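Try each task before you read its solution.

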Amino acid sequence: MNETQQLKQATYHLYTFLVSKMVASLGSSVYGFGMSLYILSMTGSALSFAGNMLSSIVPRILLSPIAGAITDRVSRKKLVIGGQIGEITVLCGLLLYTLTYGLSVPAIYITTAVYTIFATFSGIAFSASIPNLVDTERLQKAMSFNQLANSASGIMGPILGGMLFGFVSMTVFLLI
């Protein structure tokens with residue numbers, strides 16, 4: 001492969017990483033905030049709203065060191081793909097549960113916690129694989145794109161989550 005092709009491939013990997021990270025981070029943030037708003041509207045309780053936020057923070061805090069250690073020992077690609085499949089499976093499970101029994105607060109809490117577990121492993125493995133995705137000249141740019149995706153999803157997630165919550169049904173929200 002000549003130098004021009006390598007440069008194009010490295011640039012492709014960089015932007016593919018940015019889009020992938022943005023979609024994953026934004027989806028997680030939209031889900032977390034939108035479901036918390038649903039709980040607030042259903043129960044009228046700020047404590048219940050905070051409970052869902054807590055069920056997305058505590059697993060991440062507790063499992064991040066473990067996920068980091070496992071990421072160092074296992075294929076990062078398998079962890080990222082497995083985590084993404086786990087996230088999709090959990091949300092599909094909540095959707096099926098909702099269609100069958102209706103949406104309930106305990107189901108949302110459990111789904112949020114399990115979703116966060118998968119997202120923790122996937123996110124850490126994804127971030128750890130950055131040096132393997134780009135060349136050394138683009139490593140700093142890739143790391144800044146990683147932070148950009150996290151920061152933008154932290155800002156845009158609640159906005160989009162609130163908009164989706166206000167304009168679509170919960171079934172459509174879960175599908176999105």
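**Exercise 1. Which residues does T111 contact, beyond its neighbours within four places in sequence?**

Step 1: Leaving those neighbours aside, T111 is in contact with Y31, V90, L91 and L94, where contact means heavy atoms within 4.5 Å.
Step 2: T111 counts as buried because its relative accessibility is 9%. Buried means under 20% relative accessible area, exposed means over 50%, and partly exposed is in between (1.4 Å probe, protein chains only).

Before going on, a note on the model: it is predicted, so local features need pLDDT of at least 70 and side-chain atom pairs count only at pLDDT 80 or more, while totals for chains, interfaces and linings use all residues. Residues are numbered from 1 along each chain as its sequence is written, and side-chain values use heavy atoms, with hydrogens and water left out.

**Exercise 2. Describe the secondary structure and the extent of the protein.**

Step 1: Count the elements: there are 7 helices and 0 strands.
Step 2: Read them from the N terminus, and the order is α-α-α-α-α-α-α.
Step 3: Along the principal axes, the C-alpha atoms fill a box of roughly 60 × 35 × 25 Å.
Step 4: The protein has 176 residues, and 36% of them count as buried.
Step 5: Take the contacts between residues at least 6 apart in sequence: 81% of these join residues at least 24 apart.

**Exercise 3. Is S55 buried or exposed, and what does S55 touch?**

Step 1: Look in helix 2 (residues 46–73), where S55 is found.
Step 2: With a relative accessibility of 14%, S55 counts as buried.
Step 3: Not counting residues up to four places away in sequence, S55 touches Y109, T112, A113 and T116.
Step 4: The side chain of S55 also reaches the backbone oxygen of N52, at 2.9 Å.
Step 5: For comparison, look at I57, also placed in helix 2. At 43% relative accessibility, I57 counts as partly exposed.

**Exercise 4. How many aromatic pairs are there, and which parts does the pair of Y15 and F145 tie together?**

Step 1: Apply the rule: rings of Phe, Tyr and Trp (its six-membered ring) pair if their centres lie within 6.5 Å, and planes under 30 degrees apart count as stacked, over 60 as edge-to-face and the rest as tilted. The count comes to 4 aromatic pairs.
Step 2: In one of them, the rings of Y15 and F145 have centres 5.8 Å apart and planes at 45°, so the pair is tilted.
Step 3: Y15 lies in helix 1 (residues 3–43) and F145 in helix 6 (residues 139–167), so this pair ties together parts 130 residues apart in sequence.
Step 4: Y15 is partly exposed at 39% relative accessibility, whereas F145 is buried at 13%.

**Exercise 5. Which side chains meet in a salt bridge?**

Step 1: Recall that side chains of opposite charge can pair when their charged atoms come close.
Step 2: Search for a side-chain nitrogen of Lys or Arg within 4 Å of a carboxyl oxygen of Asp or Glu. The whole structure gives 1 salt bridge.
Step 3: D72 and R76 are the partners, at 3.8 Å from N to O.
Step 4: D72 is exposed, with a relative accessible area of 58%, and R76 is partly exposed, with 25%.

Technical notes
Helices (H or I, at least four residues) and strands (E, at least two) are DSSP runs, numbered from the N terminus. A polar contact is a pair of N or O atoms within 3.5 Å; within protein, one must be able to donate a hydrogen and the other to accept it, and residues adjacent in sequence count only if both atoms are side-chain atoms.
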